[in-house]
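This report looks at the salt bridges of one protein model. Look at the sequence and the structure before reading on.

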Amino acid sequence: MAKDRILIVGMGGLGVPASWALARAGVRRMTLVDPDPVELSNLARQVIYRDRDIGVSKVEAAARWLFERFPDVKVERHAVALDESNAARLVGAHDFVIDATDSPVAKFLINDTCIAARTPFVYGGVVGMNGQAMTVTPGETACIRCVFETPPDEDEIQSCREAGIVGPVAGAIGEMQATEAMRASRAQTFSLSGKILIYDASGPSRVRITSVSPRPGCGCGAWKQESESQAQGR
C-alpha cells in the first residue's frame, strides 16, 4: 500500500530541494515544519525563495511557491520548531519523515521519535563540501544513535556552523532524501536503508555507499533482530 504522507522537518538547504523534487515526482501531500522566516542570506542557495519572501515564514513561502507550480499539491504548514512537545504528534501523523534540519539536537529527536513510532525516515547532513544521507527503518536497520551515539558537543556544533554548507552539495543530498521518500510513497524498498551515503565534492565529485550495522545495546533494538537473523542462518 502506498504511503504518501511525507513530513519534511527543516525548509532550508535540504528541505527546499527535497520538497521541489517530491512535487515534481507527483507526491501530493506534504507537511513542512520550520520556525524561521526567510532571510536575505537564504536566497543564494535556497532557490525557491525570492525577495518578496524576506520576513515571511519559510513554510508559508515554500507552500505558496509549490502551489503556484503544482496546484494539486496539498501542503500543511507548521511555522514552529520540532521539539518534545510536538514531535510525537507530527511524526505519528505521517508515513515517512525527511530530516532536513541543521540542528544535531533536532536530528536525534527525529531519530528517537521515529524509532518509537516505527516511522521510517531519512537522515541528511551537509558540512562544507561533504554530505551524508541514511535511511532508518525502525527496528530493522541501524539508527542515528547506532552511528553517532550522542549529539556533538557545543564546540563541534560551532565548527560545523563556521564551515557552512555549499548549495549544490545540499541540493544533491536533498534530492537523495526525496528519492527515499518517493520510494515510501510507492511502497518500494529503500535504497539507503541500513546504508550511509557519503558525498564528497572537494575534488571530482565522489559518492560512496557503506553498509551500517546496528550497534549492540542501542535502544533502537535493530541489533536484536540482526542477531536473531544471524542465529537462524547458522
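Predicted model: local features only at pLDDT ≥ 70, side-chain atom pairs only at ≥ 80, totals over all residues.

Side chains of opposite charge can pair when their charged atoms come close. The structure holds 11 salt bridges. Three of them are listed here.

| Pair | N to O distance |
|---|---|
| R24 and E175 | 3.3 Å |
| R64 and D53 | 2.3 Å |
| E60 and R77 | 3.3 Å |

In the salt bridge between R24 and E175, R24 belongs to helix 1 (residues 15–24) and E175 to helix 7 (residues 167–185), so parts that are 151 residues apart in sequence are tied together. E175 is partly exposed, with 31% relative accessibility.

R64 and D53 also meet through their side chains. R64 sits in helix 2 (residues 58–69), while D53 is in the loop between strand 2 (29–33) and helix 2, so this pair ties together parts that are 11 residues apart in sequence. D53 is buried, at a relative accessible area of 2%, whereas R64 counts as partly exposed at 35% relative accessibility. Both residues belong to a network of salt bridges that links R52, D53, R64, E68 and R69.

E60 forms a salt bridge with R77. E60 lies in helix 2 and R77 in strand 3 (residues 74–78), so the pair ties together parts that are 17 residues apart in sequence. E60 is partly exposed at 36% relative accessibility, and R77 is partly exposed at 40%.

Key
Residues numbered from 1 in each chain as written. Heavy atoms only, no water. Salt bridge = Lys/Arg side-chain N within 4 Å of Asp/Glu carboxyl O. Helix = DSSP H or I, 4+ residues; strand = E, 2+ residues; numbered from the N terminus. Buried < 20%, exposed > 50% of the residue type's maximum accessible area, 1.4 Å probe, protein only.
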